[in-house]
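Here's a quick tour for anyone meeting this structure for the first time. Have a look at the picture, then read on for the main points.

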Amino acid sequence: MANETVEEEDFSKEVTVFLDKNVGVEKETTSKIYSLLQDALMKKKCLETELWQAECRTPEKIQDVLDKGCSAVKEIKSLHEQHQELTVKVDNHVQKLQPLVERLSGLITQIAEVERFRAYVSWIQKIKSVSFQLQQFVESGQLNWAVEQLTVLSELAKLLSDSRCCNLTKFVKEMHLHWQKILLNKLASEFDDVMKVLKWPFTSVSNAPPLSTTSDDYSRLENVFVLLLKLQEFNKTSSETAEDKSEILLPLDWLLKPFRKRFTFHFYGNKQTNNLEKPEWYFTQVLNWIKNHSDFLQHTIQPILERTEFGSIDAKTEFIAGLLKVVVQKLEHSIPQIIDDDILFSHFIDELLLFNKELGLAHNYHSTEHGCLHVLTTDSCLARWLELERNYAISNMESVLASSSAWTPKYKEVGDVDDTRTPECAESFMTLLTVITDRYRNLPGVSHQERFLEVQLFLLESFISRLSLEAEENSFAPAGLHYCSVLNASDYIKLILQEWSEQMLFLRLNQHHNLSMDSSKCAKTLNAAFKVEEKCEKEEEEGDSPVTGSVFDGVLQSLQDLKEQMIRVIVDHIVHGFRMLSKPYKKEKWHIFPHPKDVLLLTLSSSACEMLLFVKGRFQILREQLASSIFSVVWKQLAQALNKFIFEEIILQCHFNEGGAAQLQFDLTKNLFTLFLEYTQKPENFFKEVKEACILLNLLPGSAVLLRDLLKSSSDNAICEKEDVPPSRAALQDAGVYRLTPDEALKVLNLRVHLPNV
């Protein structure tokens, strides 16, 4: 009831709103009610007509749908009845055939069993057939055909590798291994016969006999070699206990057998040749073996390899790699016995590095995979080597610095040729670092090389500290030979390190260091770590990662700071001396000098002689003792310092008449500037303030007055308009003044006495 009441109220409100909107409250508008009523009746009639038409059409459609639905239900019932009938028939048929099915299943199982047995027997017959043929070929000496049959047997073994018939798989593998051993024994006998004919291995007095490609011996050698190469893959699968030999081609490995035997005989046990103090003995022996057999390997064995699928393999390189394995075993056996003896271990490392270098120079062997330097990179051995390297380098550095000729230029007799004036200590120190670099340059791992680089950086920092100490102790005589030698040493080391920074070794070390730093920094967050890993992988794939800086950046900066500090001390020393000697010159009465017209010929002021001679003398000493590159920096900085001093402490502190200005200009431009003519064609470019001050002081009085008044007006009246070239600046440029500001130029002009006022 409540809801109906609410709906009636809402309807009444809507009617009220409708009447207010369409009829209004005036009496004159009541005539609209009839028209509204007529419209409502028309709409009602239209709606009734549409409703009646819809009621007439809808029952026909509904009836049609109902008829279709009834027919569909009947069809579904019919299909369901048919399904039930078929299901009953199928069940009955299955029950009738069940005994037959069970009977046939047993027969099928038996047939499958028989088929497997037949296949099993067939495989055994195939294996036995191949084995029988192998036996016939071996007994008749037809080893080529025997190897072909062994290949067939190998294929059978591969086909059965995934079979669950364990016994059959084991049988074929054992059969393959059996015949492989027999063939290897046969070929070994044939190989030994051929080698005896060739008198292998050769000695220093007996060379390889010349072999014609048409000779029987060459044919036998080639045949055995090719057969052994065919057995190469079989040997890899069978030599489970000889993994170290499997990497070398089988025939070449057999060539190495007598060398292994001789090496073991001479350099193991109680033989006199097995001397821990003489590792060079077996190094020399191995080098002689390589030398004596190189021609045979290159001209006899290599052509045979090139006619097979192993043509890309170098026979001599394989031979050297095999010998190095014997050497590595000896090295690993010797290191524990000598690692605690400084002398023996140092000598051992020297001889091993020399041996590795000789392999590269004499035989062009640079393989790191089959080298011998990796024995030095074990943790204990590398740590011991680094300790010895550091101790020796420190001792050597101390002895070099303690030498009486440490700070003497090494090539002082040919000083005109040696522009660097490098002292002996710096030359010897960099030679020491070069030797260290050469010793670790060929180590297989970048991380191992980085350990030695740390030693070098430590030595560099120590040496720079000594240079700083020497510079501080000798700073009382900055123009002396000792001080200049220290400066030359710092510059020489800096130049060498800059050259080293461009070498491939140090570029690679710097790249490794940068990648390590990036990884350690970005590993703090997971996202950053992922980016670093992605970056590293991309750079490793491209092999062209960007390299920034160098491994010597810190050292180079220290050397640059030391160099700049020492140059500053030298310049300050000369400027201080110049200042002391310039006091009489500053006290000259420049405002009462005679007029230039009254002087026949200008000469150098007597008060300027001593200070100019001082500068000239220092220049001569420094030029003889400093490197040319350093001296070039010194005289330029000195020129700038003198320019500032003369301008600020002499010119701006005095007053000048025309005669004094002319004398000042003559002293500076014709005498001071001349001292620098030997080093530059335009010394006035380094004394711009002094030069322009002299120009202003020697302007004609009228021009000077006009310029002074212009500068005064420009400073008194601030110009609001922005101009490219203010009038005051333009006037100065017309007079040849570009460096001095208008205020500085006005100060200089105000130094002129007897200048009339306009």
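**The quick picture**

The chain has 27 helices and zero strands. Keep in mind that this is a predicted model.

**The chain as a whole**

- The chain runs to 758 residues, and 38% of them count as buried.
- Its accessible surface comes to about 45,100 Å². Carbon and sulfur atoms own 54% of that surface.
- Take the contacts in the chain with a separation of 6 or more: 74% of them are between residues 24 or more positions apart.

**Two helices side by side: H21 and H23**

- Helix H21 covers residues 606-625, and helix H23 covers residues 658-675. The two pack at an angle of about 15°, and their axes are 9 Å apart.
- That angle is under 35 degrees, so H21 counts as roughly parallel to H23.
- The crossing of H21 with H23 is right-handed.
- On the H21 side, the contact is made by Leu612, Val615, Lys616 and Phe619. H23 brings Asp667, Asn671, Leu672 and Leu675.
- Sorted by class, this contact of H21 with H23 has five nonpolar residues, one polar residue and two charged ones.

- Trp590 sits in the loop between helix H20 (583-586) and H21.
- Is Trp590 buried or exposed? Its relative accessibility is 0%, so Trp590 counts as buried.
- Leaving out residues up to four places away in sequence, Trp590 touches Tyr585, Ser605, Cys654, His655, Phe656, Asn657, Gly660, Gln663, Leu664 and Asp667.
- One of those, Asp667, is also among the H23 residues that make the contact with H21.
- Trp590 and Glu658 are 68 residues apart along the chain, yet their C-alpha atoms are separated by 8.8 Å.

**Ser728, in helix H26**

- Ser728 has its place in helix H26, which spans residues 727-734.
- Which residues does Ser728 touch, not counting those up to four places away in sequence? They are Leu710, Leu711, Ser714 and Pro742.
- Ser728 has a relative accessible area of 7%; buried means under 20%, so Ser728 is buried.

Key. Residues are numbered from 1 along each chain as its sequence is written. This is a predicted model: local features need pLDDT of at least 70, side-chain atom pairs count only at pLDDT 80 or more; totals for chains, interfaces and linings use all residues. Side-chain values use heavy atoms; hydrogens and water are left out. Axes are lines fitted to C-alpha atoms, for helices over the stretch in contact, and angles run from 0 to 180 degrees between N-to-C directions. Helices (H or I, at least four residues) and strands (E, at least two) are DSSP runs, numbered from the N terminus. Angles under 35 degrees count as roughly parallel, over 145 as roughly antiparallel, 65 to 115 as roughly perpendicular and the rest as oblique. A crossing is left-handed if the near helix is turned anticlockwise from the far one by less than a right angle, and right-handed if clockwise. Contact means heavy atoms within 4.5 Å. Ala, Val, Leu, Ile, Met, Phe, Trp, Tyr, Cys and Pro count as nonpolar, Asp, Glu, Lys and Arg as charged, and the others, Gly among them, as polar. Buried means under 20% relative accessible area, exposed over 50%, partly exposed in between (1.4 Å probe, protein chains only). Accessible areas come from the Shrake-Rupley method with a 1.4 Å probe; for residues, only the protein chains shown count as cover.
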